[in-house]
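Okay, everyone, thanks for coming.

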Amino acid sequence: MTTETKPPITKFNLVARLLHWSMAVMVIAQFFIGVTMIAALSYYPLLLAIHRPLGIAILVFAIVRLVNRLTRRLPPFLTTMGPLERRIASYSEYLLYALLLAQPLIGWAMLSAAQSPVVLVGALHLPAIAPHNITLYAALRTAHTVAAYLLFATFTAHICAVLFHTLALRDGILRRMSLWPSRNGQS
């Protein structure tokens, strides 16, 4: 009688990895669109037409990603990460999820307060989620800006941590989220 043991999980599941990289591209695009909307006003209408549905796409992906995250087993932390670093990694992950969910909702509510619909495509637009109120709009606009800066800072810290682990510690942290197969054949 032989007992077959499965190799330990070393990577996130494929859905998590696909969502991770898709969202990374969307969030980076959103950063550039947001900055360009402010810096080059002549492109504002075009960029706004991209910014709104892209924000909703990020919201949908974040919800799917959170459900996937809560229903799948995660690979263990790397042995190169001490208890404090593990705690920081966990809290920063929670913050990223919170911001990826809150930022589009704040934007949607802000537009609702301004009575400006979120147009997805053509005549398809989302319903208002906040009452029409110019004071509320102003508060939500400020919150949207603050959340954008916080998301940018958290996203940048995440990238810096991955670069530190990849280039300085060389502990293979990037392989956990890679889309290519590992040396051990785990995909």
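Let's start with Phe31 and Phe155, which are both buried. Buried here means under 20% relative accessible area, exposed means over 50%, and partly exposed is in between, with a 1.4 Å probe and protein chains only. Before I go on, this is a predicted model: local features need pLDDT of at least 70, side-chain atom pairs count only at pLDDT 80 or more, and totals for chains, interfaces and linings use all residues. Residues are numbered from 1 along each chain as its sequence is written, and side-chain values use heavy atoms, with hydrogens and water left out.

So what do those two rings do with each other? A pair of aromatic rings is described by the distance of the centres and the angle of the planes. The rule used here is that rings of Phe, Tyr and Trp (its six-membered ring) pair if their centres lie within 6.5 Å; planes under 30 degrees apart count as stacked, over 60 as edge-to-face, and the rest as tilted. Searching the whole structure turns up three aromatic pairs. One of them is Phe31 with Phe155, an edge-to-face pair with 5.6 Å centre to centre and 75 degrees between the planes. This pair links distant parts of the chain, 124 residues apart: Phe31 is in helix α1 (residues 14–39) and Phe155 in helix α4 (residues 134–169).

Phe31, Phe152 and Phe155 make up one aromatic cluster. Phe152 is in helix α4, and it counts as partly exposed because its relative accessibility is 46%. If you look from Phe152 over to Leu100, the two are 52 residues apart in sequence and 11 Å apart in space, C-alpha to C-alpha.

Now let me zoom out. How many helices and strands does the protein have? There are four helices and two strands, and by definition helices (H or I, at least four residues) and strands (E, at least two) are DSSP runs, numbered from the N terminus. Reading from the N terminus, the order is α-α-α-β-β-α. The C-alpha trace spans about 70 × 35 × 30 Å along its principal axes. Of the 187 residues, 35% count as buried.

On contacts, meaning heavy atoms within 4.5 Å: if you take those with a separation of 6 or more, 72% are between residues 24 or more positions apart.

What about the surface? The protein exposes about 12000 Å², and carbon and sulfur atoms supply 72% of it. Those areas come from the Shrake-Rupley method with a 1.4 Å probe, and for residues only the protein chains shown count as cover.

Next, what the record says. UniProt, in an unreviewed entry, lists residues 21–44, 50–67, 94–114 and 146–169 under "transmembrane region". Keep in mind that UniProt positions are given in the numbering used here, feature names are shortened, and annotations may be inferred rather than shown by experiment. In the model, residues 21–44 are 83% helix and 0% strand, with end C-alpha atoms 27 Å apart. Residues 146–169 are 100% helix and 0% strand, and there the end C-alpha atoms lie 33 Å apart.

Gln115 isn't a glycine, yet its phi is positive, near 55 degrees. You'll find Gln115 in the loop between α3 (83–113) and β1 (118–121), and it counts as exposed because its relative accessible area is 58%. Arg170 isn't a glycine either, and it has a positive phi of about 50 degrees. Arg170 sits in the segment after α4 and is exposed, with a relative accessible area of 67%.

Two last stops. Glu93 lies in helix α3 and is partly exposed, at 22% relative accessibility.

Leu120 itself is in strand β1 and is partly exposed, with a relative accessible area of 30%. Leu120 and Ala49 are 71 residues apart in sequence, and 8.4 Å apart in space, C-alpha to C-alpha.
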